[in-house]
Amino acid sequence: MFPLVIVKSFGNEKPEEIIKNILKVTDQQEEQLEFKFDSCSLRAYKCDVVTKYYETQIALFGFEEDLTSIPSDVLKNIEAALFYFDSDDRSFLTKVDSLCSFVKCNKIQVAALITRNISDDDLNGITYGELKKRCKLCFDVVDLSDQNDLDLNGCGEYTELLDLLKNCVWSNVKHSQHINDTSNESSSDIDGIEEQLNSFEELLKKVQNFKETSKTLSREDVLNNAEKLAELFVNIINDE
């Protein structure tokens, strides 16, 4: 059983479009899977997640119904949630509290609110600041319009979402795999790998601290600090 990622839209963009664009970023073929539960059958798209530290597979599925209708045997396998909304629809703010409860109650590891062209003032739509205030630490907020690199199959705007999925340690990742892979390496190689893992752990701590401090920062300051964290992450991943 692959970890499940629920993709739901409260706006004009369809869940299946979001899923297919995430797959395009990684240059993956669209491969649908069917999972049998006691309560229902579920169709989802397989997504390979490849990082320097692990390789695994997850399954992304679109959901059109109310979240309260998800069967419990499906819920317990959901490890990430991606919710799309239209930034000019202020009524979405009334849904944020219930979405936070959904994430907390089901102990979902990765959760993101996705939109385009988030507003700079509350007269024209939802602002980043008021959204983060309501979200607290439950959600990352991803503005697809902030992603300017469109070279990746025309879907570079989805790279931040892919990074969120890569930063999660999924339940099907075998922690012993890394040890087995290094069994034939020299002690200096193992020491180097251990140093990289320590750097990665330190980065994760900085990310957690950033989530806490970002509540009081302006959107510009949040983006600047996020860019610095992203650079640290890229340096670790590219360090051979």
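One caveat: this is a predicted model. Start with β6, helix α4 and β7. Together they form a right-handed β-α-β unit. The helix, α4, covers residues 128–135. The two strands, β6 at residues 110–115 and β7 at residues 140–143, run parallel and are joined by four bridges.

Is lysine 136 buried, exposed or partly exposed? Partly exposed, because its relative accessible area is 45%, and that category lies between the 20% and 50% cut-offs. Now pair lysine 136 with cysteine 100. They are 36 residues apart in sequence, yet their C-alpha atoms are 8.6 Å apart in space.

Next, helix α5, residues 159–166. Which of its residues are buried? Leu161, Leu162, Leu164 and Leu165. They span an arc of only 155° around the axis, so they lie on the same side of α5. And what do they pack against? Helix α1, plus strands β3, β4, β5, β6 and β7.

Last, the aromatics. The structure has seven aromatic pairs. Ring pairs tie six phenylalanines into a cluster: Phe10, Phe83, Phe85, Phe92, Phe102 and Phe139. Phenylalanine 10 also has a charge over its face: lysine 8, at 5.3 Å from the ring centre.

That's my tour. Over to you.

Terms used
Residues are numbered from 1 along each chain as its sequence is written. This is a predicted model: local features need pLDDT of at least 70, side-chain atom pairs count only at pLDDT 80 or more; totals for chains, interfaces and linings use all residues. Side-chain values use heavy atoms; hydrogens and water are left out. Two strands pair if DSSP finds at least two bridges between them. A crossover is right-handed if, with the strands pointing away from the viewer, the path from the first strand over the helix to the second runs clockwise. Rings of Phe, Tyr and Trp (its six-membered ring) pair if their centres lie within 6.5 Å; planes under 30 degrees apart count as stacked, over 60 as edge-to-face and the rest as tilted. A charge sits over a ring if NZ of Lys or CZ of Arg is within 6 Å of the ring centre and within 35 degrees of the ring normal. Buried means under 20% relative accessible area, exposed over 50%, partly exposed in between (1.4 Å probe, protein chains only). The arc is that of the directions from the helix axis to the C-beta atoms. Contact means heavy atoms within 4.5 Å.
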